Amino acid sequence: MSGLRRFRLPLWVVTLSGLLLVALLYALSVGPVAIPIAELLAAAGGQAVDPTHSAVLLKIRLPRSLLAALVGACLSVSGAAFQAVLRNPLADPYILGVSGGAALGAVTAIWLGFAAGMLLPVAAFVGALIALAVVYWVAGAHRGSSHTLILCGVIVGSLASALLLFLLWLSPADQTRAAIFWLTGNLAMAETRLMSWIAPLALLAFLVLWAQARDLDLLTQGEEAAADLGLAIGRARLTIFAAAGAMTAAVVSVAGLIGFVGLTIPHIVRLLFGPAHRLLLPASALAGAAFLVVADALSRQLFAPAEIPVGVVTALLGAPFFLYLLRSNRGRA
């Protein structure tokens with residue numbers, strides 16, 4: 001039995017990596033220009049392919065699919081971390097006002113006419129970090145309990161939403177359309193320079209969270225039990241929130257608000273593989289990456305040649321599962 005446990009993590013990582021590879025092949029093959037799977041495999045093997053297909057693959061679909069994988073992985077991992085530290089299976093990466101802060105930062109940049117190039121994602125990233133810092137600072141005055149953090153996140157998110165609606169009311173029609181396009185989540189702005197700074201930050205945050213896997217396991221048992229087992233609650237919570245919050249802020253800044261990924265995927269992975277975060281975190285990353293890659297492909301395919309926001313697709317897929325969670329958790333604290 002111990003041997004099976006030893007090989008459990010590599011086995012499921014290989015299985016989920018295969019699932020992600022299949023999702024990527026599907027995403028790369030569908031679109032206004034259909035590309036056969038055989039041609040994709042030939043291109044991967046270095047063989048010559050149709051020049052038009054090669055340009056579509058390298059300049060459009062591959063960067064976009066890689067961004068979808070990165071965003072899905074980050075949202076899933078941060079969702080798993082927040083669910084553990086808040087001891088709430090309905091928690092998601094946006095629960096501490098990160099989404100509201102990012103949205104306010106992005107819409108402010110659009111309203112001021114600074115939406116070109118890197119200015120929009122930078123504004124969204126800064127807005128998300130400010131919101132997260134305010135939540136943690138206010139909650140810290142009350143010893144930063146889980147309930148206080150959630151309440152502060154709701155308040156900060158509501159305030160950011162109110163300011164956002166006010167800016168939309170002030171904005172002309174073209175700016176309003178640009179803001180709504182960003183708010184509904186999109187991966188059309190995939191660029192190599194965005195990936196070059198998001199990927200290292202996401203990897204660093206993931207390694208920090210994975211190093212905290214034992215602390216996350218302890219926190220799921222309750223703060224008192226974790227403290228009795230020698231865990232420094234304040235330091236562990238701050239480290240986890242900083243890593244998960246920065247990871248969420250980074251991907252939201254380039255992809256907009258894509259809901260339900262960080263809620264549903266960690267919960268499904270937990271049901272399949274158990275609550276141990278040493279396995280849960282990498283499994284959530286791979287499963288979330290595959291899910292969002294497929295969702296993005298569907299957003300391009302369902303109403304082709306028109307494209308619907310990927311956030312709409314994830315909401316349509318995730319909302320029924322969210323209702324299931326609400327019902328299955330009725331009567332719980």
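Which residues lie nearest the centre of the second largest pocket?

## The model

This is a predicted model, in which local features need pLDDT of at least 70 and side-chain atom pairs count only at pLDDT 80 or more, while totals for chains, interfaces and linings use all residues. Residues are numbered from 1 along each chain as its sequence is written, and side-chain values use heavy atoms, with hydrogens and water left out.

## The second largest pocket

L28, L40, A43, A44 and L57 lie nearest the centre of this pocket, which is lined by 14 residues. Two or more lining residues come from each of helix 1 (2-29), helix 2 (37-44) and helix 3, and helix 3 gives the most, with five. The lining has 13 nonpolar residues, one polar residue and no charged residues, and the space in the pocket is about 280 Å³.

A pocket here is an open set of points on a 1 Å grid over the protein atoms alone, where a 1.4 Å probe fits, with protein on both sides within 12 Å along at least five of seven lines, and lining residues have an atom within 4 Å of a point.

## Two loop residues with positive phi

R87, although not a glycine, has a positive phi of about 50 degrees, and this residue is found in the loop between helix 3 (51-85) and helix 4 (98-112). R87 counts as exposed (over 50% relative accessible area, with a 1.4 Å probe and protein chains only) because its relative accessibility is 52%.

F260 is likewise not a glycine and has a positive phi of about 75 degrees, and its place is in the loop between helix 11 (233-255) and helix 12 (261-273). Because its relative accessibility is 25%, F260 counts as partly exposed, a class that lies between buried (under 20%) and exposed.

Conventions:
Helices (H or I, at least four residues) and strands (E, at least two) are DSSP runs, numbered from the N terminus. Grid points are joined across faces, edges and corners, and a volume is the space filled by probe spheres set on the points. Ala, Val, Leu, Ile, Met, Phe, Trp, Tyr, Cys and Pro count as nonpolar, Asp, Glu, Lys and Arg as charged, and the others, Gly among them, as polar.
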